Amino acid sequence: MDAHHTPESTFSYSDFIPVKSRKNRKNKVKKAPALSTLLATLQEQIRQDEWFAQCSQILDSSWSDFSSQRPAILCLGLGSPSSSQIARVQFAFLTETCKRLDVAHDNVSLYDPIFTTEDTVLFEELQMKVLSKNRARPLQSPSYDAESYRLSVPTICFMPHCDIELYDTLLRANWNKALSNLFLLGNRLQEYLDNKPTSVLETSVPFLLRAAPIFESQPFPVSSAWPTAFNNTSAQYLPSSSIEDLLAESSQPKKETSSEEGSKG
């Protein structure tokens with residue numbers, strides 16, 4: 001061995017330790033939390049929010065005025081909890097309301113045509129009923145079965161931010177004594193009608209046009225945490241003393257003013 005070539009100065013490739021790529025270390029795709037996990041987080045946040053306590057007091061008071069029975073719940077037009085944060089927090093509110101009112105999950109039915117497979121799996125895991133079709137379709141539909149959609153027991157219809165036509169369709173399907181079973185948790189109905197021509201409303205939402213002014217309405221306070229999800233939400237129902245008169249008046253043919261009637265003074 002050369003005197004100037006010591007073992008300490010010897011280098012071989014076997015001594016080299018490769019460094020892991022930063023790309024491999026940092027760019028791993030994180031798995032999104034399960035929908036049930038996201039829901040549980042929102043449920044906890046809602047339970048701890050003073051706003052929910054205030055809403056619950058309003059709901060308790062309104063429901064006790066409406067019925068002495070434990071409610072069924074029908075949820076329409078919710079949106080997709082797996083795709084929408086607003087729909088997710090609204091559904092979390094619904095599940096916490098079930099606990100508050102002691103409503104069993106098998107007494108909760110839901111429908112929205114945009115529910116995803118993930119949504120449906122969650123509902124079924126919670127033992128809620130997912131309706132296979134929208135039984136609230138308009139009456140003129142040949143396949144519509146009015147009897148199947150009628151509210152046979154006192155029911156909270158949870159319908160936040162639904163289209164005006166869906167509210168009208170629900171009223172239409174129950175335009176008889178079943179109106180006494182309808183308790184609405186959704187947007188204040190009268191505000192859908194404000195500043196709209198009566199002639200247009202008469203054509204598009206005739207049942208809502210007649211019923212909205214009669215609904216008793218208790219508005220929820222504004223939520224600072226979720227202002228968009230619950231803005232304009234109210235607990236609403238028709239007083240039993242008004243339903244018979246409402247049905248009697250609306251069952252009569254619409255009176256049109258003739259030129260002869262218009263000339264009478």
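## Exercises on a predicted model

This structure, a predicted model, holds 0 disulfides.

**Exercise 1.** Which cysteine sulfur is nearest to that of Cys-75, and is Cys-75 buried or exposed?

*Solution.* Start with the sulfur atoms: the nearest cysteine sulfur to Cys-75 belongs to Cys-162, 7.8 Å away. A disulfide needs the two sulfurs within 2.5 Å, and Cys-75 is in no disulfide. Now repeat the step for Cys-98: its nearest cysteine sulfur is that of Cys-75, at 9.5 Å, and Cys-98 is in no disulfide either. Finally, check accessibility, where buried means under 20%. Cys-75 has a relative accessibility of 0%, so it counts as buried. Cys-98 is buried as well, with a relative accessible area of 1%.

**Exercise 2.** How do helices H3 and H4 cross, and which residues make the contact?

*Solution.* Begin with the axes: H3 (residues 50–66) and H4 (residues 85–101) come within 11 Å and cross at roughly 55°. That angle makes H3 oblique to H4. As for handedness, H3 passes H4 in a right-handed crossing. To finish, pick out the contact residues: H3 contributes residues including Trp-51, Phe-52 and Leu-59, while those from H4 include Phe-93, Arg-100 and Leu-101.

Definitions and conventions:
Residues numbered from 1 in each chain as written. Predicted model: local features only at pLDDT ≥ 70, side-chain atom pairs only at ≥ 80, totals over all residues. Heavy atoms only, no water. Buried < 20%, exposed > 50% of the residue type's maximum accessible area, 1.4 Å probe, protein only. Axes fitted to C-alpha atoms, helices over the stretch in contact; angles between N-to-C directions. Helix = DSSP H or I, 4+ residues; strand = E, 2+ residues; numbered from the N terminus. Parallel < 35°, antiparallel > 145°, perpendicular 65-115°, else oblique. Left-handed = near helix turned anticlockwise from the far one by under 90°. Contact = heavy atoms within 4.5 Å.
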